[in-house]
Amino acid sequence: MESNDPLIIAGKHYASRLLVGTGKYKDFEETRAAVDASGAQIVTVAIRRTNIGQNAGEPSLLDYLPPAEFTYLPNTAGCYTADDAVRTLRLARELLDGHSLVKLEVLGDPQTLFPDMPETLKAAEILVREGFDVMVYCSDDPIQARRLEEIGCVAVMPLASIIGSGMGILNPWNLRLIIDQARVPVLVDAGVGTASDAAIAMELGCDAVLMNSAISHARNPVLMASAMKKAVQAGREAFLAGRMPRKLYSAEPSSPQTGIIAPAAIAKAA
Amino acid sequence: MNTVNFNGQDWPLPEPVTVRTMLERIGLADKRVAVERNGQVVPKSRHTEVVVSDGDRIEIIVAVGGG
């Protein structure tokens with residue numbers, strides 16, 4: 001699919017600016033239906049141990065989301081050290097036939113799932129050196145984001161609020177600082193709760209939004225996926241269109257101020 | 001008894017086998033999985049060469065739903 005406003009990550013063009021996770025759906029049918037409704041071309045997956053000796057014949061996620069149709073973004077969710085994250089992504093690359101686009105996240109704390117930035121930076125350096133195209137989950141600290149970009153990450157992905165919280169865009173000012181300085185795509189990677197949050201992220205100038213729970217935990221995930229697709233598109237168009245300036249406490253009518261049938265009323269008010 | 005640690009659990013290993021044979025015995029030979037032996041990825045092209053022996057730590061992973 002070509003678009004005249006593509007998202008470009010690691011040299012590859014994508015028409016959709018919505019990236020979705022594939023976790024926490026009722027079943028694979030619902031996962032597939034939600035991904036289709038979202039229009040996402042990039043889908044995140046987790047890397048986990050197989051259940052040895054159990055259900056060798058059961059269907060897998062890859063049967064429902066064939067790697068030929070989607071760009072996979074294997075993640076390092078659950079990793080708390082740089083070493084574990086690097087090992088996980090080396091295995092992901094082997095699993096996905098040399099695929100290099102990955103999502104790095106090194107967590108610091110199971111309560112908040114906040115990123116451990118020193119470990120994240122360490123893992124990013126190793127992965128970039130090994131030829132991975134690293135999209136990196138990070139704090140909304142412009143200095144950390146810049147460091148990650150300098151290391152060679154292909155996208156920086158600050159949290160908007162805590163992973164899975166649905167609390168929305170809590171610090172638009174920090175996101176703006178990151179967006180304004182970045183020369184690689186900036187994605188909001190966590191915290192979106194509903195469609196307006198996604199639109200706000202895009203209006204701020206984010207290049208794309210990555211979400212999972214906001215769709216999978218909605219009462220109707222497929223309908224929410226459709227809403228998110230529209231919100232991301234609307235937010236992008238609003239950003240490109242450029243919003244009107246804010247005029248605090250200074251009204252300006254949209255209709256002509258002349259030719260009113262009761263000009264006396266204006267004179268009286270003035 | 002020789003043992004091999006698969007995904008964090010010890011299993012008996014009657015004799016050293018190749019990674020390929022190991023995958024066949026546990027029914028994963030034709031599945032999309034990736035294998036790590038003692039912290040190093042074993043590329044698919046080397047599954048018939050690399051031997052799993054006593055005390056090895058093997059990880060076998062798949063892609064699952066995640067965000």
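What percentage of the 270 residues in chain A is made up of buried residues? In this predicted model, local features need pLDDT of at least 70 and side-chain atom pairs count only at pLDDT 80 or more, whereas totals for chains, interfaces and linings use all residues. Residues are numbered from 1 along each chain as its sequence is written, chains are lettered from A and ligands numbered from 1 in the order in which they are written, and side-chain values use heavy atoms, with hydrogens and water left out.

Buried residues account for 49% of the 270 residues in chain A, where buried denotes a relative accessible area under 20%, exposed denotes over 50%, and partly exposed lies in between (1.4 Å probe, protein chains only). The secondary structure of chain A consists of 10 helices and 10 strands; these are DSSP runs numbered from the N terminus, with helices (H or I) of at least four residues and strands (E) of at least two. Along the principal axes, the C-alpha atoms of chain A fill a box of roughly 85 × 40 × 40 Å. Of the contacts in chain A with a separation of 6 or more, 65% are between residues 24 or more positions apart, a contact being heavy atoms within 4.5 Å. The accessible surface of chain A is about 13,200 Å², and carbon and sulfur atoms contribute 53% of that area; accessible areas come from the Shrake-Rupley method with a 1.4 Å probe, and for residues only the protein chains shown count as cover. Chain A carries 25 positive and 31 negative side chains, with the centres of the two sets 5 Å apart. Here Lys and Arg count as positive and Asp and Glu as negative, while His and the chain ends are not counted; each charge is placed at NZ of Lys, CZ of Arg, CG of Asp or CD of Glu.

Within chain A, strand 7 (residues 133–138) is largely enclosed by the rest of the structure, because five of its six residues are buried. Strand 7 of chain A pairs with strand 6 (residues 101–104) of chain A in the parallel sense over four bridges, pairing being assigned if DSSP finds at least two bridges between two strands. In this arrangement V134(A) of strand 7 stands opposite V102(A).

Strand 7 of chain A is also included in the cover of the buried residues of helix 5 of chain A, together with helix 4 (117–129), strand 8 (155–158) and helix 6 (172–181) of chain A. The buried residues of helix 5 are P142(A), Q144(A), A145(A), L148(A), E149(A) and I151(A). At the N-terminal end, helix 5 is capped by D141(A), a side-chain oxygen of which lies 2.8 Å from the backbone nitrogen of I143(A). Just after helix 5, G152(A) adopts a positive phi of about 120°.

E149(A) belongs to helix 5 (residues 142–151) of chain A and counts as buried because its relative accessibility is 12%. The side chain of E149(A) reaches the backbone nitrogen of R183(A) at 3.0 Å. Such a polar contact is a pair of N or O atoms within 3.5 Å; within protein, one must be able to donate a hydrogen and the other to accept it, and residues adjacent in sequence count only if both atoms are side-chain atoms. Not counting residues up to four places away in sequence, E149(A) touches V156(A), Q181(A), A182(A), R183(A) and V184(A).

Pairing also extends between the chains. Strand 4 (residues 42–49) of chain A runs antiparallel to strand 7 (residues 57–65) of chain B, and five bridges join them; R49(A) has I61(B) as its bridge partner in strand 7 of chain B. Within chain B, strand 7 is joined by two bridges to strand 1 (residues 3–6), which runs parallel to it, with F6(B) opposite I58(B). Strand 4 (residues 34–37) of chain B pairs with strand 7 of chain B in the antiparallel sense over four bridges, and E36(B) stands opposite E59(B).

R57(B), in strand 7 of chain B, is partly exposed at 47% relative accessibility. Leaving aside neighbours within four places in sequence, R57(B) is in contact with N5(B), E36(B), R37(B) and N38(B). N38(B) is located in the loop between strand 4 and strand 5 (40–42) of chain B. The phi of N38(B) is near 50°, a positive value in a residue other than glycine, and N38(B) is partly exposed, with a relative accessible area of 39%.
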